[in-house]
Amino acid sequence: MRGNKRLRPFEFNLKIHRPVNFLFIVLLGLILLGCEEKQEEQTSDTKSEPRPNIILIVADDLGYSDIGSYGGEISTPNLDELAQEGVRLSNMHNAGMCVISRASMLTGQWWPRVGFGIEKGSNIAQVLKKDGYRTGLIGKWHLKGEPNNKGFDHFFGFLGGFSSYFNGSPDYRLNKEKYDDFDNGFYSTDAFSKNAVDFVNKNDPSQPFFLYLSYQAPHNPLQAPKEDIEKYRGSYLKGWQVVREARIENQIKMDLIQPETPLPDYPENLPAWNSLTPQQKDLEDLRMSVYAAMVERMDTGIGQLMAALKANGQDKRTLVIFLSDNGTDSFSVMDAAMLDKGLLPGDAGSNYQPGTGWAYASVAPKRLYKISQHGGGVKTGAITWWPETIEKNKSIHMEPLHVVDIMPTILEVSGSLKSSNNKESNNFFAGKSFLPLLKGDDWKRDAPMYFQFIDNRAIRTEQWSLLEIDGNGWELYDNTKDPLETNDLANENPAKVSELEKDWLEWWKSEGGNLDYQPESTSESPHYQPQGDRGSGDMYVPTAMPDTLRLKY
């Protein structure tokens, strides 16, 4: 009968050699447990999604309302589609000037801490490369050193602040090699778009990538192919005030601003369109037609990049962030020199800027422009697109964001905030990841935002904005009632001015090496004249079209 008795595993051994086999049982159990844990780990790894690709697209000197999804009349169907399928971050701030916006954006720090050109600290590419990402920069660099020494595996573009769109410049590089192939119809926006497509198509799908696509458009010089310019020629003879008002009407329909929101007064340093001569109107129409053509050409390239992502199946695992590094350029300092050379906006070899009139239209509904720290200088019409993650597409987020928030956001998206290879955390940054916002969760800014360039500066809290233009003293605005900075309350509330000024000065000393604030006067610069729109700024004098050049476009 004993042979029919069913014994539990190892039961017969326990009766014979209990001390020895007890140890054996324990060891075998640990082995089996380890195998089970390993199997669970492998199963988890198999199920885990690959890390997302990240594309950061930065336009240069693009106005808040220039693209269609922010109210503009310029044809931007590809960016508008990203906005429809993603979300608009309508209250994103930059630093008001190309180089310092990029310094803060790529480091997550206020620019005085890292320096104009990122003299200190790590940038996004350096961290992501260390964490296994393939990294690429295509377009404008405008920071210290060379990108290949700053974390970028691949670089095509130029090192400085601007370049000819048709003829390039000596600082163009393909990685570290000088690049000078500007023949055969070279146009830099198209070249950047093509290289971005190539970068995506050549990527090993098993390795995530970070692409920083840094367009120059629509930064000066205003240059575009003639056929693109002719599409818009004549459409801006209605004038900058009519264009701005139409954009604001569109923004109200889109719920970007509320109908009751107070709008800024017409600038005191900008002549009325009807006061211009036909020759002035003609050149101004051409100026804006070139600008619009540049923006549309950039949008076309972005469409080509998105098509490449979809064609190779990488679109659903890719986060795209689009924004501008600052508001529109209001200057026109080279007009006379260009006309002496017989050059018009659009021509290869020319160097025209948008001028105050079209800058006023482009930043609608904001006040002031590039370099200033008012809304027109530091607000950008941003878009995020990430089809597998973003909640509530087509939505508009009004939370106050800043470019210092971009690096912590990208590192959280990539998993690098928690990576064993990198020690960065949200506490390390001046900014704060807004990934929860994209996922539909609550997000709130924890600290003020700070701004400074030349003799323009600002501090913004949830309720208040304290601002200065051209060193003319503080202006104070209530963000909740007056988000477009129309009613200066500085004289009515000196205590709040003092409180916020103290905070700003403490920030300046802590971020800038314990140095006292010493503003640099714009009046001493040959490039940047006072911009103030309430009597302190230089009057804009539109250039007239010479009869000898009128038939070129």
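Glycine 108 follows helix 4 and has a positive phi, near 75 degrees.

The model is predicted, with local features requiring pLDDT of at least 70 and side-chain atom pairs pLDDT 80 or more, whereas totals for chains, interfaces and linings use all residues. Residues are numbered from 1 along each chain as its sequence is written, and side-chain values use heavy atoms, with hydrogens and water left out.

The protein contains 16 helices and 15 strands; these are DSSP runs numbered from the N terminus, helices being H or I of at least four residues and strands E of at least two. Of the 553 residues in the protein, 58% are buried.

Helix 7 (residues 188–201) packs against helix 10 (residues 278–311) at an angle of about 10 degrees, with the axes 9 Å apart. Axes are lines fitted to C-alpha atoms over the stretch in contact, and angles run from 0 to 180 degrees between N-to-C directions. Helix 7 is therefore roughly parallel to helix 10, a term for angles under 35 degrees. In this packing, Thr189, Asp190, Ser193, Ala196, Val197, Val200 and Asn201 of helix 7 meet Arg297, Met298, Gly301, Gln304, Leu305, Ala308 and Leu309 of helix 10, contact meaning heavy atoms within 4.5 Å.

How values were computed: Angles under 35 degrees count as roughly parallel, over 145 as roughly antiparallel, 65 to 115 as roughly perpendicular and the rest as oblique. Buried means under 20% relative accessible area, exposed over 50%, partly exposed in between (1.4 Å probe, protein chains only).
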